[in-house]
Amino acid sequence: MFDTTDAAPFDESFDQSGKVRNAYAAAIAYFKRQGVDGVERMQQSADLSLLNQGVTFTVYSDARGTEKIFPFDLMPRMIAASEWSHIEAGIVQRVTAMNLFLEDIYHEQKILRNRIIPTSQILGSSLYCREMSGLTPVGGVHAHISGIDLIRNQSGEFMVLEDNLRCPSGVSYVVENRMVCSRVMPELLSSYRVRPVSQYPQMLYEALASFSASASPMVAVLTPGIYNSAYFEHAFLASQMGAELVEGQDLLVSDDVLYMKTTHGLKRVDVLYLRLDTDFIDPLVFRPDSMLGVPGLMHAYRSGNVVLANAPGNGVADDKALYAYSPEIIRYYLNEEPILPIVPTYLGSRPKDLKYMLDHLAELVVKPTDASGGYGIIVGSHASKAELAEFKLKLIAEPAHYIAQPIQQLSTHPSFLDQDGDKQFYSRHIDLRPFAVCSADGSVKVLSGGLTRVALKRGSLVVNSSQGGGSKDTWVLYPENSDLITGGNHA
Amino acid sequence: MLSRTARSLYRLGFLIERTENIARILDVNRRMSVEHEVFSELDVWSPILEITHNRQGFEARFGEICEASVVQLLLTDEENPYSVLACLRQTREIARSVRELISEEIWLHINLFYHEMERELTEGNLHTWGDFSERIHMFANAFLGLSYNTMVRGDAWQFMRLGTTLERARMTQRILQIKYHLLLPTADDVGSPLDLHQWQSLLRSVSGYEAYRRLYQAKIEPHRVYSLMLLNPGFPRSIHYSIREVSLALRELGMKNESQYTLYQEVERFLDDLRGGAASSEIIRLGLNKYLNGVSKRCARIDRMINIAFFDSITVTLTNDQSNRLTVQIPQQQQHLHSVSAVKQLNQ
């Protein structure tokens, strides 16, 4: 029932000798007891419940706006307590440093004066938001909500792959996937001691509310509308937080105060959770053709009359080229060594790195610095000679536009799939996106869980939902649980 | 509540009511067309196009009027924004956008039916429309039952009720007008089996045949049919009942500004006319068709006023002198905006 032919050097459930890892023993035994038919029934019931609940995303390339469920992979991913405390500490450290970094580059720019990062890297970036300079958000917090993508390499070490400090999405799937698990595999879920994730909306609300001076602030979530691929998440978070879900057309700014239009007139909005790119939030300041934003919003923000989360202009910090400098950023602001390492990164903007990239293209993953969602990525080992040659030209034309990393053997995990008509558990590559929220006092809380994304295509390393990825529930275990299992093993 | 959301809920009530009514009207005509052989000179399909305002578009696209093409236009036509299919798609889209305000049960009900319909459509199984329209009835009535039983009586429910009941009043008025458009072959046919058959079908289309029999026994007299469908306060599809529901919903929503108050007064005046003897004497004075045209105009006016009072009360314009400052125009709402008292109305 478990085919591990495609397993990476590090597999989450099986060690190198093929033995089941402790945390997975009960789960694997459980699925074996269900048999292929049983698991298939569970899968169908999970899919149906997601479709009926409307847990779907819109496929942009389809003119009729077809909705699909984000493929849900039944087998949960386990993270032992000791692994989790390491991840958690690493993320708190990273988000704290990134907030200090953003506050610095929009004010004194000490890190540039001290030549830790080349000035051109920041000020020359299209993502550097001049409108933010000199503007101090409440508490100096820029990244209120962040999602940090982690992978596990050959030796099982967690590494940071990417920061998402603008509007990271996926947290609604974390909560929904758990609900599905509790519906289709209640026995298994209760046999593990899994940390809950359903409290995320309260966590988020409390963090957002902490930035407002008002005792009961009006919090609203700004969505681009129902055609946005993440609309489900926007609606989910708004309703779970008891906040208003608003579109640009529902809001207006008058005398630098943000209001929403209600059936009883105007109501003041204190905190606006932006689920819209900075470029679109205010046509008077950013893209003038944006119909999704609110004219005058930046003025209201500058006057301190509304809190925007996340702050505009964070893109400069999660830019893929800046990523290469992130260990330096942590050392500079916190005077600490990074807890979570990053993947070695070559910058097209550095002549030496560029030469290496051109010479070793077949062994590298090359990514455009300013794109997300897995678009424009080329995986050297998977590209044809012609594709590589064509890409080289692009790289030479715009070297600063690209970064490269050695191809990482992402860890694998069993996934229930149909491969050539044969249904069972096959090894597929996965990553992990934990979510962190930051409060006005600068404290960072990490949700004990996260979105585990799976590359469902055989051999694929790209986990993005827009590129055929799926998701799994992520079970972060309480310490007692893994202690017990380890204890049992020794005996 | 957000104005946009309120409008969506109003539209939700409206769309489901309309969907059901199209199915009802088609049903009546199907009953009539069963006897088509006997009354071959009777054109039962043209009036439908009249009352659903589809005639012009229809002739341009299909030419000759026949059952199959009318049914296609009204049920599954993708280009007709008022086809049942288009209404259901819109319904689902709106439900998705106000999901957090409707009950879980209502959302599941709409979403399930939508997926079922889309699936059958792609599989080409939607041709048996008799069965389809039966399911639309079930869908719409289950929706009303669910909203009655699972929604808190707050603003969300009131806006849905407003949309449902105003559209119901308008549809009952349109159904009554079918009879006007359905000309009898000759004057001798008044009171003939054909005439009676038409009245019966009409009553059936508003689920009113049994109600009529209980009130007036089997003998069908036109003025009694009007009286039931227009003026009866207890018959749930009568115009009187529907407008009273509109008035109740508005009272629950409250009157926070002048335009909301004028709207309420307008509805109350209409209700007074329906309640007292005014309506009966008006019908006699004007004739049924003219009177119904008046009803149609009044409903349209109420719809417009609802839009202004609740959904479109605020407009924003860019001022000329300072391109980065905005002016807000809020008719009759200034008294609620202490904090924006300094609003400049440069464009007036």
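What share of the 348 residues in chain B is buried? Buried residues account for 42% of that chain. The structure described in this report is a predicted model.

## Chain B in outline

Chain B contains 15 helices and two strands. Among its contacts between residues at least 6 apart in sequence, 64% join residues at least 24 apart.

C299(B) lies in helix α15 of chain B, which spans residues 288-311. C299(B) counts as buried because it has 21 C-beta neighbours inside 10 Å, where 20 or more are required. Neighbours within four places in sequence aside, C299(B) is in contact with L166(B), A169(B) and R170(B). From F62(B), by contrast, C299(B) is separated by 237 residues in sequence and by 31 Å in space, C-alpha to C-alpha.

## Domains of chain A

Chain A is divided into two domains: domain 1 (2-217 + 306-343 + 408-490) and domain 2 (344-407). Taken over C-alpha atoms, the centres of domain 1 of chain A and domain 2 of chain A are 25 Å apart. Each side supplies 15 residues to the contact between them. On the side of domain 1 of chain A that touches domain 2 of chain A, eight residues are nonpolar, five are polar and two are charged.

Several strand pairs of chain A involve strand β17 (residues 402-406). Strand β14 (residues 346-347) of chain A runs antiparallel to β17(A), with two bridges between them; here Y346(A) has A404(A) as its bridge partner. Strand β15 (residues 364-368) of chain A is also antiparallel to β17(A), and this pairing has five bridges. K367(A) stands opposite I403(A) in β17(A).

## Two open sheets of chain A

Strands of a sheet pair through backbone hydrogen bonds, in either a parallel or an antiparallel sense. One open sheet of chain A has three strands in the order β9-β10-β11, with antiparallel pairing. Strands β9 (251-254) and β11 (265-268) of chain A stand at the edges with a single partner strand each, so one side of each has no neighbour in the sheet. From one strand to the next, the twist averages 45°. Strand β10 (residues 257-262) of chain A is joined to β11(A) by four bridges, and Y259(A) stands opposite R268(A) in β11(A).

Another open sheet of three strands has the order β1-β19-β18 in chain A, and its pairing is mixed. Its edge strands are β1 (2-3) and β18 (412-419) of chain A, each of which pairs on one side only. β18(A) and strand β19 (residues 422-429) of chain A run antiparallel and are joined by eight bridges. R428(A) in β19(A) is the bridge partner of H413(A). Helix α1 (residues 25-53) of chain A packs on this sheet and touches β1, β18 and β19 of chain A. The direction of helix α1 of chain A makes about 110° with that of β19(A).

β7(A) runs parallel to strand β12 (residues 271-274) of chain A, to which it is joined by four bridges. β7(A) also runs parallel to strand β8 (residues 244-246) of chain A, with three bridges. L222(A) takes part in both pairings: its bridge partner in β12(A) is L274(A), and in β8(A) it stands opposite V246(A).

In soluble globular proteins, nonpolar side chains tend to be buried together. The largest nonpolar core of this model has 212 residues, and L208(A) and L272(A) have the most contacts inside it. Helix α1 (residues 3-34) of chain B provides the largest share of this core, 12 residues. Residues up to four places away in sequence not counted, L272(A) touches A220(A), L222(A), L258(A), V306(A), V307(A) and L308(A). Apart from this core lies another, of 11 residues, including A7(A), A8(A), I430(A) and A455(A).

Terms used:
Residues numbered from 1 in each chain as written. Chains lettered and ligands numbered in written order. Predicted model: local features only at pLDDT ≥ 70, side-chain atom pairs only at ≥ 80, totals over all residues. Pairing = 2+ DSSP bridges. Axes fitted to C-alpha atoms, helices over the stretch in contact; angles between N-to-C directions. Contact = placed C-beta atoms within 7 Å. Core = buried A, V, L, I, M, F, W, Y, C linked by C-beta atoms within 7 Å. Buried ≥ 20, exposed ≤ 12 C-beta atoms within 10 Å, placed from the backbone. Domains from an automatic or database assignment. Nonpolar A, V, L, I, M, F, W, Y, C, P; charged D, E, K, R; others polar.
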